[in-house]
Amino acid sequence: MFYSAYGYGGGWVDAHATFYGGGGACGYGNLYSQGYGTNTAALSTALFNNGLSCGSCFEIRCVNDRRWCLPGSIVVTATNFCPPNNALPNNAGGWCNPPLHHFDLAQPVFLRIAQYKAGIVPVVPCRRRGGIRFTINGHSYFNLVLITNVGGAGDVHSVSIKGSRTGWMPMSRNWGQNWQSNNYLNGQSLSFKVTTSDGRTVVSYNAAPAGWSFGQTYTGAQFR
């Protein structure tokens, strides 16, 4: 069955969709505690973009099959990777093989648009409650920051960090939406500059106070 998908800044694109039980190639961990719930999808290689698509939002509706499709559409966040299965043909189990545009959906949200089958997908702006969240992990010379709850385009493409006693320093993407800095920033309040795929940037000044600690999550500004 075919689906249509719409992406942020783009039009409807033909795609396929199935459902799955969960996962975490974007590094988000518990999708419920991060606020994503079951409105999530694992993306095929053609859509995943080596993890840079993590956090992007897609609107999906089922089309071209009156027997199985349900009316309406759903909006999901990319939170995982659907790996290819080269042992199976693209139209019989190898749904995530390149160059297919495929969405593997969480089952509860899949069943809102189809009876175990689905159709076409568009990308839409992500609507989030509250600010961007920064979860700081690692150790003194390895700050690994997981960035979640990003509005607008949703998919973070570059990040800079600033301590209260430093200038702005670029961070490198480690995996998924985990961004790292190897600078010693203990005891300094931390600001973050986040840029998404559409080129928009939001700055969260002093999102983490000087007494921040590893394993904690701090909230900053948000795309509007």
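## Largest cavity

The largest cavity holds about 40 Å³ of space. A search of the whole structure, which is a predicted model, finds 1 cavity of 30 Å³ or more (points on a 1 Å grid where a 1.4 Å probe fits but cannot get out; the volume is that of probe spheres set on the points). Its lining consists of Tyr-28, Tyr-36, Cys-54, Gly-55, Arg-128, Ile-147, Val-150, Gly-154, Val-156 and Gln-177 (an atom within 4 Å of a point).

## Disulfides

The structure has 4 disulfides (cysteine sulfur atoms within 2.5 Å). In sequence order, the bonded cysteines pair as 1-2, 3-8, 4-5, 6-7.

In the pair Cys-57 and Cys-126, the sulfur atoms are 2.0 Å apart. The link is right-handed, with 120 degrees about the S-S bond. Both Cys-57 and Cys-126 are buried (under 20% relative accessible area, 1.4 Å probe).

Cys-62 is joined to Cys-69 at an S to S distance of 2.0 Å; this link is left-handed, at -60 degrees. For Cys-82 and Cys-96 the distance is 1.9 Å, and their link is right-handed at 90 degrees. Cys-82 and Cys-96 are buried, as are Cys-62 and Cys-69.

## His-102

His-102 lies in strand β6 (residues 102-106). Its relative accessibility is 1%, so His-102 counts as buried.

## Basis

Residues are numbered from 1 along each chain as its sequence is written, and side-chain values use heavy atoms, without hydrogens and water. Local features need pLDDT of at least 70 and side-chain atom pairs 80 or more, whereas totals for chains, interfaces and linings use all residues.

Note on methods: Helices (H or I, at least four residues) and strands (E, at least two) are DSSP runs, numbered from the N terminus. Buried means under 20% relative accessible area, exposed over 50%, partly exposed in between (1.4 Å probe, protein chains only). On a 1 Å grid over the protein atoms alone, a cavity is a set of points where a 1.4 Å probe fits but cannot get out, and a pocket is an open set with protein on both sides within 12 Å along at least five of seven lines; lining residues have an atom within 4 Å of a point.
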